[in-house]
Amino acid sequence: MAQSDSDVLPKGADELPNMESLEIEVEKDSGSVENTNHSDEGSVASDDSEGSVMEPFQDYRIKIEELLDSLNMKGFSVEVIQHGFDFMNCVYSLTSSDDTEQYILRVATGGFIRESDGKHETVENEVLILGYLKDKLPVPGIKAYSLTIDNALEAAYTIQTRIPGESLNKLWATMDSAEKYAIVDELVGLVAQLESVTFTTAGTFAVSSPLPKRADDFLKTEDLSVQIFDEYATELTKDPKMLQDRAGPDLQLLLTSHMEKWIQDEIERGHHELSCAIGPRFRDLLAMLKELNDEGAFDTQPFPIVLHHYDFEPRNLMVSKATGTWKICGIIDWDDAVALPRPLARVPPRWVWHFPDEDPDLEDGYLNDDQYRDPELSDENKALKAYFDAKIEAILPGYTEDAYSQGRWLRRIWHFAREGARRVWQWPFLDQLPKDWAARSRNLADTNS
């Protein structure tokens, strides 16, 4: 969602608004609709939805057919999965006339376009990572793409192979206990596969040689590199100190570098260091890091840098039933994949033991797992969580420590270290974090007394 004036901390504000009365705004993203990449059943179409100024799908279909003609895909049927500017991506199902080929067309409706070359960064990132992971993980392939608006759609897009099966989002609540345990076995294996993809630097993905702006027959990414997280301040990538501080193996340095940069930005925007709204809160987070260091949270450095799927949720896991057993056959929605120090990547799949009762699509996995308090679990779900923990710990020793203990606090700090806190919906979480830390400190003191 585009940043608006109401989303951003007003210049000169001395304190955040009253959090108890603040209505939290939840950003829509490419994963906010059920299985946006690969499933028609239960999908959302917003042809004439309120708030959408995009032309109706019936008219937009003509542009899609024109694009398909230019790609030698004439005759493919087009069905809408989601359509309209309410979404970060419009998504359409493409099927050949003889039903032998099925693809997904994803069209970017938002995101960041670089002025230097006109390329859409999010689409470029997805093309890069899907091409790189083609032989490493069960991911969609890229048939064609355009990183610029120089095409019939006048928007960046990808055409991806359609992974067979159904979204786990639809099926999890209907599965019996044995089926859920079988899925957990699959899930543990996938997590191990993700962690087996390692890098030397934390950050976003890039290539040494730029991708073509368009490809009609894309194979794979042979050369994938990582660029440090720079908050769109590209001058940071030329600063030797920043390159070292943000490389990632020294996790404490990575977190500290980001937070100090946000504090400095607030000062440069005209806020007094001690009165600006964000600076003091980030100083609280720096103090938390110091205490975590005193507790030994960084003793095992350097930390491995591993692949992280930002939205590793059931809506992005495709499953099919073979020989009577459910199997995970693919992972979709790789737009925001990054390379992270391992403790930051070990976000536990809380949905396994706490699946939302109402609309699971409204759940944001990254914030839900770490910012919200743990719910009370039924005996059945406690057993399911214990099973996952035992299985994952046997394969990846230290996972549960990273997932539930110090690693959880590191991820909560990292969220603000990377994103800052200028959007309205982030304020309650930033306001709550020092309070939760104080409660943790009191609990530790009581335990040790």
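The legends below describe close-up views of a predicted model. Local features need pLDDT of at least 70 and side-chain atom pairs count only at pLDDT 80 or more, whereas totals for chains, interfaces and linings use all residues. Residues are numbered from 1 along each chain as its sequence is written, and side-chain values use heavy atoms, with hydrogens and water left out.

**View A. Aromatic pair of Phe-76 and Tyr-103.** Rings of Phe, Tyr and Trp (its six-membered ring) pair if their centres lie within 6.5 Å; planes under 30 degrees apart count as stacked, over 60 as edge-to-face and the rest as tilted. By this rule the count comes to 12 aromatic pairs. The ring centres of Phe-76 and Tyr-103 are 6.0 Å apart and the planes stand at 45 degrees, so this pair is tilted. Phe-76 lies in the loop between helix 1 (57-70) and strand 1 (77-82), and Tyr-103 in strand 3 (residues 102-108), so the pair ties together parts that are 27 residues apart in sequence. Helices (H or I, at least four residues) and strands (E, at least two) are DSSP runs, numbered from the N terminus. Both Phe-76 and Tyr-103 are buried (under 20% relative accessible area, with exposed over 50% and partly exposed in between; 1.4 Å probe, protein chains only).

**View B. Aromatic pair of Tyr-132 and Phe-199.** This pair is also tilted, at 6.3 Å centre to centre and 40 degrees between the planes. Tyr-132 belongs to helix 2 (residues 121-133) and Phe-199 to strand 7 (residues 198-199), so the pair ties together parts that are 67 residues apart in sequence. Tyr-132 counts as buried because its relative accessibility is 18%; for Phe-199, the value of 13% also counts as buried. Lys-136 lies over the face of Tyr-132, 4.0 Å from the ring centre (NZ of Lys or CZ of Arg within 6 Å of the ring centre and within 35 degrees of the ring normal).

View C. Over the face of Trp-353 lies Lys-385, at 5.4 Å from the ring centre.

View D. Strand 6 pairs with strand 12 (residues 317-322) over 2 bridges, and Glu-166 has Val-319 of strand 12 as its bridge partner.

Notes. Two strands pair if DSSP finds at least two bridges between them.
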